[in-house]
Amino acid sequence: MNTDIDTDTETPTDTPSLTVVVCAYTLDRWDDLGTAIGSLRDQRRPVEETVLVVDHCTELYERASAAFPGVRVLENRERQGLSGARNTGVAVARCDVVAFLDDDAAADPDWSTRLLDRYADRAVVGVGGLVRPWWVTRRPVWFPREFDWVVGCSYRGLPERTSPVRNFIGANMSFRRAEVIAAGGFRTDLGRVGKRPLGCEETELCLRVAARRPAAVLLHEPAAAVRHRVPAARATWAYFLARCYAEGLSKARVAQLGSTRAALSSERAYLRSTVPRAFVRALRPGRPGGLRTASALVGGVGVTVAGYAVGRARRPAGAGAGAGAGAGAGGADGGPS
């Protein structure tokens, strides 16, 4: 447990205050980062605090410190990776609610309002929103919308209205800060490090939050929307299959850490309903790229299941880097929610 985190900043109010944490690790996304920060400055309901956590990149830290006045720019104080960077942001946040926005995403102008409005219900401990893909190149004709989680975006099958969900997509999520602290934060043995496409740290945290407080609500609010950049490198078959395999590995690790039933509850519904319906749509006469889309659906499921099987067969790594291990006591990005 991180013992130097100030929990006295949590003051229950009817209108909670908001800290937004943006995590960045590379200068390659500098323009995207500027767009993300700019979208927070343009919120109709001002964001009280923006924290930019730089993950072990001195040049980016120095450049961002000079370029973004009014933004708290910090270096990741924990283990390298997205989870450690997020935990660093949570640890220093001064507001009631902590939201997370990816460094290659941009929030709609009413994003903060839509998120915070839902916290009027004290049972709500977290709110996530819609993540729209912004394809730098055109969406590949074969790429099924049911697999947009591969590129860190909302996918067909998610609720289209405000609804409770099991977990959020990491590019657009928020929690009451006190709940993240009490749950132990993000596990630093999960989550992306550099370009490694492992993830599910958001799912694992949401499962712990729910297990700790069964009556608590994690709410999906589609009106709280962001745009997430999808570069050309992610519009390929190679990335699609690699990301599916990594998702399977990650889900296996999450299942090993807690309840397999809880870890796979949404996936069962996804495989029983969402994917079969997508397959039928893909094979309708006249559907452009229908056979390739059907192949992507079958291949994506098969490779994800293979990754899960390999992950389950592996002996779990040591638990020393788990929740709260110097981190949270104080990326794709979750798959099916």
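**Group meeting: a walk through the predicted model**

A quick word on ground rules. This is a predicted model, where local features need pLDDT of at least 70 and side-chain atom pairs count only at pLDDT 80 or more, while totals for chains, interfaces and linings use all residues. Residues are numbered from 1 along each chain as its sequence is written, and side-chain values use heavy atoms, with hydrogens and water left out.

Back to Glu-49, then. Glu-49 belongs to strand β2, residues 49-54. Helices (H or I, at least four residues) and strands (E, at least two) are DSSP runs, numbered from the N terminus. Is Glu-49 buried or exposed? Glu-49 counts as buried because its relative accessibility is 7%; buried means under 20% relative accessible area, exposed over 50%, and partly exposed in between, with a 1.4 Å probe and protein chains only. Beyond neighbours within four places in sequence, the contacts of Glu-49 include Thr-19, Arg-72 and Arg-94, a contact being heavy atoms within 4.5 Å.

Thr-50 is also placed in strand β2, and Thr-50 is buried, with a relative accessible area of 11%. Setting aside residues up to four places away in sequence, Thr-50 touches Val-20, Ile-37, Leu-40, Val-71 and Arg-72.

Now let's zoom out. The chain has ten helices and nine strands, and buried residues make up 57% of its 337 residues. One helix I like is α3, residues 82-92: eleven of its eleven residues are buried, so α3 is largely enclosed by the rest of the structure. Arg-86 is among those buried residues, and its charged end sits over the ring of Phe-100, 5.8 Å from the centre. The rule there is NZ of Lys or CZ of Arg within 6 Å of the ring centre and within 35 degrees of the ring normal. Arg-63 lies over the face of Trp-30, at 4.1 Å from the ring centre.

On to the nonpolar cores, which are sets of buried Ala, Val, Leu, Ile, Met, Phe, Trp, Tyr and Cys residues joined through side-chain atoms within 4.5 Å. The largest has 58 residues, and Val-20 and Phe-147 are among the members that touch the most others. Helix α1, residues 30-41, supplies the largest share of this core, with five residues. A second, separate core of 26 residues includes Val-53, Ile-181, Leu-205 and Val-209.

Rings of Phe, Tyr and Trp (its six-membered ring) pair if their centres lie within 6.5 Å; planes under 30 degrees apart count as stacked, over 60 as edge-to-face and the rest as tilted. How many aromatic pairs does this rule give? The count is 13. One of them, Phe-168 with Phe-175, is tilted, at 5.5 Å centre to centre and 55° between the planes, and both of these residues are buried. Ring pairs also link a cluster that includes Phe-147, Tyr-155, Phe-240 and Tyr-270.

Last stop: Arg-312, in helix α10, residues 290-313. Arg-312 counts as partly exposed, at 37% relative accessibility. Arg-312 and Gly-248 are 64 residues apart in sequence and 9.3 Å apart in space, C-alpha to C-alpha. Thanks, everyone!
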